[in-house]
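Welcome! Here is a short briefing to read with the structure open beside you.

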Amino acid sequence: MKRLIGLLLALALLCPCLALAEAAEPRTEAGGQVAAYLDEAGVNYQLDTSTEYDVFLRAFTPSEAEGVESIIVGALVSDERVALETGTLVTADMTDMAALYQALNAINAEAAFVRFVLNTNDGSVIARMDLPVLGDEDFGYVVERCMLAAASAVDDSYNALAALA
């Protein structure tokens, strides 16, 4: 009897896990290509399908950014495009907007691959990069490399961004 109860309990605990695993499958063809590449390459990532996009999240360890434990880059994949974004990197001091725009423009001039974008509603600064979806068999590889490039650009620019706060 104890074994039967234990088996039922194990199945009850396993069912939600199976449901989560099923929900974490990409819904788009492009997302499927990205997931297939990341899985085959052994890359650690999380997949969020709670929005209209297949959102692939990766954490990168910074080497230059002071006071940052990890840089999280998300690839929001649809069948038409991929938007690579970070969360809020810093919240900028918006008391002198002219100086802020000038400093952000200087940081963007030095940045490779990404643009650092200011949300004027709350002062948050994120990194953003857009890619078209091409019918290329190496699409997953391209997205993975672009995620790495975005994280590297954030790592390289973070200390300058932190000075905006």
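The side chain of Ser78 comes within 3.2 Å of the backbone nitrogen of Glu80, a polar contact (a pair of N or O atoms within 3.5 Å; within protein, one must be able to donate a hydrogen and the other to accept it, and residues adjacent in sequence count only if both atoms are side-chain atoms). Please keep in mind that this is a predicted model, in which local features need pLDDT of at least 70 and side-chain atom pairs count only at pLDDT 80 or more, while totals for chains, interfaces and linings use all residues. Residues are numbered from 1 along each chain as its sequence is written, and side-chain values use heavy atoms, with hydrogens and water left out.

**Around Ser78**

- Ser78 sits in the loop between β3 (71–77) and β4 (81–86); helices (H or I, at least four residues) and strands (E, at least two) are DSSP runs, numbered from the N terminus.
- Ser78 counts as buried because its relative accessibility is 10% (buried means under 20% relative accessible area, exposed over 50%, partly exposed in between, with a 1.4 Å probe and protein chains only).
- Apart from neighbours within four places in sequence, Ser78 is in contact (heavy atoms within 4.5 Å) with Thr28, Ala30, Tyr53 and Val133.

**Strand β3 and its partners**

- Six of the seven residues of β3 are buried, so the strand is mostly covered.
- Strand β2 (residues 54–60) pairs with β3 in the antiparallel sense over seven bridges; two strands pair if DSSP finds at least two bridges between them.
- β3 and β4 also run antiparallel, joined by five bridges, and a hairpin of three residues links β3 to β4.
- Look for Leu76 in β3: Val55 stands opposite Leu76, and Leu76 also stands opposite Ala83 in β4.
- In a regular strand, side chains alternate between the two faces of the sheet.

**Asn108 in helix α3**

- Asn108 lies in helix α3 (residues 97–110) and counts as buried because its relative accessibility is 12%.
- A polar atom of the Asn108 side chain lies 2.6 Å from the backbone nitrogen of Phe116.
- Leaving aside neighbours within four places in sequence, Asn108 is in contact with Val114, Arg115 and Phe116.

**Helix α4**

- Helix α4 (residues 139–162) has 24 residues and should span 34 Å at 1.5 Å a residue, which agrees with the 33 Å between its end C-alpha atoms; the expected span is 1.5 Å times one less than the number of residues.
- α4 has a kink of about 45° centred on Asp156, where the bend is the angle between axes fitted to the seven residues ending there and the seven starting there.
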